[in-house]
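Biologist: I would like to learn how to read a structure like this one, feature by feature. Could we look at it together?

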There are 2 protein chains.
Amino acid sequence: MSVDFFARHEAVLTQAVSAAATRGYWSPFTEMPSPRVYGETANDQAKAAFVAQRNSPFVLDADSQAGTYAGAEVSPFDGPLGMTYPRLSVDALIESSKQAWQAWRRAGPKVWVGVSLEILHRLNRASFEIAYAVQHTTGQGFMMAFQAGGPHAQDRGVEAVTYAWQEMSRIPGQAQWIKPQGKNEPITMHKHFSIVPRGIALVIGCSTFPTWNGYPGMFASLATGNTVIVKPHPGAILPLAITVRIAREVLREAGFDPDVVMLAVHESGENTAQELALRPEVKIIDFTGSSANGNWLESHARQAQVYTEKAGVNQIIIDSADDLKSVARNIAFSLALYSGQMCTAPQNIYVPRNGIQTSAGHVSFEEVAAAIASSVQKLTSDPAKAVEVTGAIQNAVTEARIAEARGLGLPILADSVLLSHPEFPLARVRTPLVLQATPDHPAIRREWFGPIAFIVATESTDQSIALATGLVQEQGALTLAGYSTSDTVRAAMQEAAELAGVSLSLNLTGAVFVNQTAAFSDFHGTGANPAANAALSDSAFVANRFRVVQTRWHA
Amino acid sequence: MSVDFFARHEAVLTQAVSAAATRGYWSPFTEMPSPRVYGETANDQAKAAFVAQRNSPFVLDADSQAGTYAGAEVSPFDGPLGMTYPRLSVDALIESSKQAWQAWRRAGPKVWVGVSLEILHRLNRASFEIAYAVQHTTGQGFMMAFQAGGPHAQDRGVEAVTYAWQEMSRIPGQAQWIKPQGKNEPITMHKHFSIVPRGIALVIGCSTFPTWNGYPGMFASLATGNTVIVKPHPGAILPLAITVRIAREVLREAGFDPDVVMLAVHESGENTAQELALRPEVKIIDFTGSSANGNWLESHARQAQVYTEKAGVNQIIIDSADDLKSVARNIAFSLALYSGQMCTAPQNIYVPRNGIQTSAGHVSFEEVAAAIASSVQKLTSDPAKAVEVTGAIQNAVTEARIAEARGLGLPILADSVLLSHPEFPLARVRTPLVLQATPDHPAIRREWFGPIAFIVATESTDQSIALATGLVQEQGALTLAGYSTSDTVRAAMQEAAELAGVSLSLNLTGAVFVNQTAAFSDFHGTGANPAANAALSDSAFVANRFRVVQTRWHA
C-alpha cells in the first residue's frame, strides 16, 4: 500500500497492548469535545453539515451512487431526518464483499491492523459529525452522543484491534523444526504459518449505541483480515453510514477495493439481517439487540461464529451505606442517564424491608426508597439541564412501555413526567418511573427497557443477593451494583457475582456510574450469563475470527 | 495445597511457553520406550500388571468401589479384556462433579496449572502401563501405542495447559484505574479481576486415540478451573481409566476432592454421552468421533462450548517428483500406519492421467499407481515387521468396510490381505486396499475409515487441486499432502490449502509422514473446515473455557 498505516500507528498500538495488560486508565483519544483538540470550527462545521445532509441522499462514495435508496430515520428530537442511503441487494453485497476479500485476505496482519487504526483515527477526527448523527438517531444528549458515540466507541474499536493484533502476533510466520535423531542427522522441517481470515463478517447494529456496540465486532473482524458488511438498525443508519464512508476512503487510499467494508441499508420490517446471516459466505456475525433476535442467530446461523449482546436485567443491591444521599444521587443519575436506554442501566433495586444501617443510623426501607425517588425527581427539576442527561426516548415502543409499567398497579415512588426540551419542542423527553415491588412480583423478572425501575423490598440482603444473582443466570445482566459497609457482605456479593458471571460495582457514590465501562480496563459483559455470549474485548472475542493454516516441507 | 506443584513444574512451563511461540521442536518427555529413562523394569512391570488386571474389576480408587460395574472391551489382538469399571449414574456424576467444583474453582490458575502438570508428569511415568492399555483397546502396534498414547499425548496435554496458562496470565489480578480530571483530583478505582471457570467439562473419548485425542480438551478444561467428567468410548476405556486414576491421586494429594476428575463408564449402546451433554451443568464438551455425533452435539448441546473433531477425507496431490520411489514409500507407509485408522491418514491420491515428470523422466499414471501399490505390498511383505506398523483393526465395522470397498467394482491396485500376527493369532491384521477411481466416482467423496485408499486419475494437477480442496470444504479434512518439483505448483497448492482451511505437507519423502503432527509445532486441525471446529492447541481452544468477572470500587 502507498502509505504505511501500521508504522503511523505502531506507537499507539504498543501503548494499547500495554494498557490492555495492566488495565489502568488509558485512551488514545480526547473524550471532551474540545475545540483545541478537535478544531475551533469542528462543531460548527459538523452541525452545518448535518443540517445540510438532512432531506438529501447520503453520498457513501462515488462508486456507490447507483441503484436504489432507502432510509426513514426519525430524530427523537425533531422528526424525520429525510436522508436516504444507497441500497444493494443481499446477493450484490455478498458478491462484492467476496470479490474485495481476495486482495484483502492476502494483505496480512500489519496491513489489516494499520488500515483499521487509520480508520479509527479518522473516525476520531470526525467525532463531531458522528456526534450529531448519533444524537439525532439515538436520542442521546449531545455530550453523551459525542463521548459514547465518538471517542469511547473509538476506544473500544482500538481495543478490539489491539487484541486481534496480540493474537495474530503470537503466530510466528515461519519455524524450523529440528528433531534430534541420536547419532544420526536430525530431521529438519521448514514450517510456514498463515493467518487465514474466515471470510465475510456481518455486523448487525442497534438503535441506541450504533457505533459503541458496532465498532468492537467491526474492527475485530476487519483487523483479522475479514471483509465486513455493516447492517445498521433502520432507526440509526447515519452514524454507521459515516463510519463506512470513512472506512472506504482509507481502504481506497491503501490500494484496496473499498468493498472490504460495505453498508447494508434496508427498510424497517425487511428481514435483511436474517437473509445475510444465513448466507454460507458469512462466517462471523456480531449482533447487538433483542434476546429473541440474538438467540435466533445463535441457533440458526450455524455456519458463522456468532457474538451476541442481548437483553438483561441489571440490578442494585443495597445492604448498608455510609452516606445514603450520595448513594441515592449516584443511583438516580444511573436511572436517568439516557433514560435507561443503556444496556447497562440498572432496573431492580433491592433494599431490605427492615431498612439499612448508615453512618447516620438506621434508615427504614421507605426512607431509602424515598431518597432514591427524590434524587430522581431532583435531577430532573431543571429541565434544561435534565434533558442533557436523559436525552430523548429513541422509540415509541419504549414510551408505551412506561405506560404499561404504570398500569401494573404497583406503588409509584417517582412518576415519569414529560419534560419540555428547550431546544427541541418535539422531543420525547421523560423522567424515570420508579415503582415499588415485592420480590415475588413477576414484573421484576423481565427487562423493562427504558426509564423504568423497581425498588424491591426483600427479607434481607441474603435474599437480595440470591434474587439478583438468580435473575442474572435466568435473564442475563451486564451490570450488578452493591452497596455495603461490611467487608463480609461485600465479599459475599463478589462471590455471588462471580458465580453468576456478572461484573460488580461496589459503593459507587461519586463520578463513576454502574452504566459506564472504560475500554482497556473494564470488560463489557462477561460471556457467562444470557445477556451476552462474549466480552468486550478479550482473547476469546478475537481468536476465532481467523484460523492458522500451516505448510511444512523438508529442509 | 501441601505440595507446590506449580513451583515443581514452573521451569518446564516456561520452556513450553517459549516452544509454543517459536514452534520449533520441543517436548518435555522422551518418546522412545527407553529403560534408561522410564526404568529398567518399567516394561516388565507394566506388562505383568496388564496381564493381572485382565478379567478383574479396575480399581479407580478406594472411594470409587461402591455401586455397579460396566465394561466389555475387546482387545483387537487377543479377545475380551474382561475388565469392569465402577459405574455411576449421570445424576451422581453431575452431583459429585458440582460438589468438587466448589473448592477447585477457588484454587486459582497456579494451582489448576500445577496440578495439571503434575498429573501429566505422572502419566508420563506410567507410559508403559498406558501403552499396553492403548495397544489392547485400539489395536495399535506397541511402539505407536507407547508413543502416541504416552509421551505424544502427554505433549498435547502440556500444550493445552500452556495455552491455558498464557491466556489466564494475561488477566491481571488487580488494577488501579486513575483517570485525570484536569485541575481536579483524578478519579481512582480499584479493580479486581477473577478467572471464573465455566463449570463441568465433559470429554467424550474415541476408540482409536483415547489419550491423544482426549488429553487436549481434558487438560485445557482442568487447567482453567473446570471439573472434568471423562467418558471413554466403550471400546477403549482402560487408557482413560488409568488416566483418571492418576489424576485423582494427584488431586487428593493436593488437598482436593478427587471428583474434580471423574470417569463415566457405560455399556455400548447406552446414550450416556448425550444425557451428559444435555445437562445444564455441563458447560464445555470436547468430542472426538463421528461427524453425525459431533454435529448432533454442536446443534443440541447449546448450553456448552463444544469442541469437535469429526470425520474427513484426507488427500494427496501428486504433480511431479524428484524420486518417485521415495514418494511411493512415504505414501505407502502413511496408508499402512495403524491401518488407516488415524484421523490424519490419507485416502484419496490424485495423479494426472497423463502421468507426471520425475528426475528420471516422464512416468505414466499407471506407473505411479503401480509404484504406490507395490510399495504398499512391499511394506507388508514381512508380516512380523508389518504388524508393528499396521497394528490390528479396532472394529469389525472397519473390516466390513474393506469388503464394501472391494465390492465397488473399481480396479484393485493392491488388494487387502490378511496377515498372520506372530504373537497374537487372533488379531485382525490387514494390509491396505488400494483402488483406482475416476474423479467423478461418488466413492471418493466420503470417508472410508480404515486401510482403504483411492488413486484417482485426474485431467491435470489443476483439477487435482480443485477436487481436493473442494472436498476439504465439503467433507472436511485434517491433512493434505502435495508433491511437486515446481515452485509455482507448490505455491498454488499452498494458496488452495489456505483457502480451503487445511494444513499442507509438501514433498514428504523421508521420516516424516502426513499422518503425524508434533505438539508445540504443528497445529492439529484448523477449525476452518468440517473435520474439526477447533485446532490443537491455540488461543481459541482455551480462551473461552473460563470467563473473567471483575469487581470495582472507589479507591
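Biologist: Where along chain B is the place of Ser521(B)?

Modeller: This is a predicted model, and in it Ser521(B) sits in the loop between β21 and α19 of chain B.

Biologist: Does Ser521(B) count as buried or exposed, and why?

Modeller: The idea is to count the C-beta atoms around a residue, and a residue is called buried if 20 or more others lie within 10 Å of its own. Ser521(B) has 25 C-beta neighbours inside 10 Å, and therefore it counts as buried.

Biologist: Which residues is Ser521(B) in contact with, leaving aside its neighbours within four places in sequence?

Modeller: On chain A the contacts are Ala175(A), Trp177(A) and Lys191(A), while on its own chain they are Arg23(B), Gly24(B) and Tyr25(B).

Biologist: How many residues of chain B are in contact with chain A?

Modeller: There are 52 residues of chain B in contact with 52 residues of chain A. Among the elements that each supply at least two residues to the chain B side are α1 (5-22), β5 (174-181) and β6 (184-197) of chain B, but the largest share, eight residues, comes from β22(B). By type, that side of chain B divides into 24 nonpolar, 18 polar and ten charged residues.

Biologist: How should I read strand pairing, and in which sense do β21 of chain A and β22(B) pair?

Modeller: In general, the strands of a sheet pair through backbone hydrogen bonds, in either a parallel or an antiparallel way. Here β21 (residues 504-506) of chain A and β22(B) pair in the parallel sense over three bridges, and Ser505(A) stands opposite Arg552(B).

Biologist: In what order do the five strands of the open sheet in chain A come?

Modeller: The order is β9-β8-β7-β10-β11 of chain A, with parallel pairing. The edge strands, β9 (261-263) and β11 (305-309) of chain A, each pair on one side only, and the twist from one strand to the next averages 15°.

Biologist: What is the strand order of the open sheet of three strands in chain B?

Modeller: That order is β13-β15-β16 of chain B, and the pairing is mixed. Strands β13 (320-321) and β16 (361-363) of chain B are at the edges. Two bridges join β13(B) in parallel to β15 (residues 356-358) of chain B, and Ser320(B) has Gln357(B) as its bridge partner.

Biologist: Which residues touch the most other members of the largest nonpolar core?

Modeller: Of the 368 residues in that core, these are Ile285(A), Ile372(A), Ile285(B) and Ile372(B). Taking Ile285(B) as the case, the residues it touches include Leu202(B), Ile204(B), Val306(B) and Tyr307(B).

Terms used. Residues are numbered from 1 along each chain as its sequence is written. Chains are lettered from A and ligands numbered from 1 in the order in which they are written. This is a predicted model: local features need pLDDT of at least 70, side-chain atom pairs count only at pLDDT 80 or more; totals for chains, interfaces and linings use all residues. Two strands pair if DSSP finds at least two bridges between them. Helices (H or I, at least four residues) and strands (E, at least two) are DSSP runs, numbered from the N terminus. A nonpolar core is a set of buried Ala, Val, Leu, Ile, Met, Phe, Trp, Tyr and Cys residues joined through C-beta atoms within 7 Å. A residue is buried if 20 or more other C-beta atoms lie within 10 Å of its own, exposed if 12 or fewer, and partly exposed in between; C-beta atoms are placed from the backbone. Two residues are in contact if their C-beta atoms, placed from the backbone, lie within 7 Å. Ala, Val, Leu, Ile, Met, Phe, Trp, Tyr, Cys and Pro count as nonpolar, Asp, Glu, Lys and Arg as charged, and the others, Gly among them, as polar. Axes are lines fitted to C-alpha atoms, for helices over the stretch in contact, and angles run from 0 to 180 degrees between N-to-C directions.
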